[in-house]
Amino acid sequence: MGRSILHLYKPTAGEIIFKGRHIKTKRDIMNFHTKSALVFQDPYSSLNPRMTVSDIIGEPLDVHKMYSNKRERYKKILKLMDVVGLNSEHATRYAHEFSGGQRQRIGIARALALNPEFIVCDEPVSALDVSIQSQIINLFKKLQDGYNLTYLFISHNIAVLKYLCDEIGVMYLGEIVEFAPTERLFANAQHPYTKALLSVIPEPNPAGERAKETGQELKGEIPSPINPPPGCAFSTRCPYVFDRCKVEAPQTTTYDQQHRVACHLIAQD
C-alpha cells in the first residue's frame, strides 16, 4: 500500500489524493515525489554498497537538481547527517562500514533530503536490534515535531504506533478493519482483531497484566490474500464469528465520530 501511494507500484484501483489534489498524471507524480519520501524496512539492502554515504544522501538532490553548485550540495548533505546523528567524517565511508542503526539513519537522512511533507515509513525498526529500536523511534519523533512531518508509519508493533501516531488504521488481509484516533483506539477498541493485537502488548505492572481482558488469543492460519475466504476475511480466526460473517463482507460503519469499524458485531449494535 505504501509503495502504491508513492507510485513505486502502479495502483490498480482507488484514488491517491494529496492536499486535495488527485495524483494521476506524470507531472502530478513528479511533483508529489518532491514532497514525499520513503524509509525502507531493511537498512542493509536499501543502501547501494558502491556509493559513499555522501552520494547516497545526495542522490535525491542530484535527481531533482536541488543545488546550484557542489559546495551547496555538500553543505546540505552535512546538515542532513547532523540532523540524524551522523558525523561529517562518515560522509566518505560506505554503507557496509556501519551498524544497522547507523544505516537506518543514513536512509532517514536520504528521505529528508528534499525537505518532504509526507514520509512513508515501511516498518523502519523491525530489522534492528531491540537496543537500537528505541533510538531510531525517538529520532522519528524528534523529526516529526521539528519538521512538522506527516508519517504513514507501517508497523506490526502497535505499541510503537501509540507513541508516534495521532491516528491508527488496523489492517487485516489488505483491508482496514478499524480506524480511530490513537487514544480512542486504545481505550475502546471494537474490532476483534484490534482487541487481539492490544491484548498481547506487555504490561509492566503485574496487576495490570492479570487484569487484562482474556480470551483474545487468535487460532488458525492466516488465509491467503490472493484467495480470501468468503464473507469477512477475519471469520476463520474470529472468536465471535457467526453465520452472517461467513457469507457477507462487513461494511465500514462509523462507531463514534471519527471511529470507524468494519464488523457485523458493530452493525448489530
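Two strands pair if DSSP finds at least two bridges between them. Strands (E, at least two residues) and helices (H or I, at least four) are DSSP runs, numbered from the N terminus. The model is predicted: local features need pLDDT of at least 70, side-chain atom pairs count only at pLDDT 80 or more, and totals for chains, interfaces and linings use all residues. Residues are numbered from 1 along each chain as its sequence is written, and side-chain values use heavy atoms, with hydrogens and water left out.

Strand E4 spans residues 118-122. On one side, E3 (residues 36-39) pairs with E4 in the parallel sense over 4 bridges. Here Ile 119 of E4 is the bridge partner of Ala 37. E4 also pairs with E5 (residues 150-154), again parallel, over 5 bridges. Asp 122 stands opposite Ile 154 of E5.

Burial is under 20% relative accessible area; over 50% is exposed, and in between is partly exposed (1.4 Å probe, protein chains only). In E4, 5 of the 5 residues are buried, so the strand is largely enclosed by the rest of the structure. Phe 118, Val 120 and Asp 122 point one way, while Ile 119 and Cys 121 point the other way.

E4, H6 and E5 form a right-handed β-α-β unit. Right-handed means that, with the strands pointing away from the viewer, the path from the first strand over the helix to the second runs clockwise.

Helix H6 covers residues 130-147 and holds Gln 144. Gln 144 is buried, at 13% relative accessible area. Beyond its neighbours within four places in sequence, Gln 144 is in contact (heavy atoms within 4.5 Å) with Leu 149, Tyr 151 and Leu 164.
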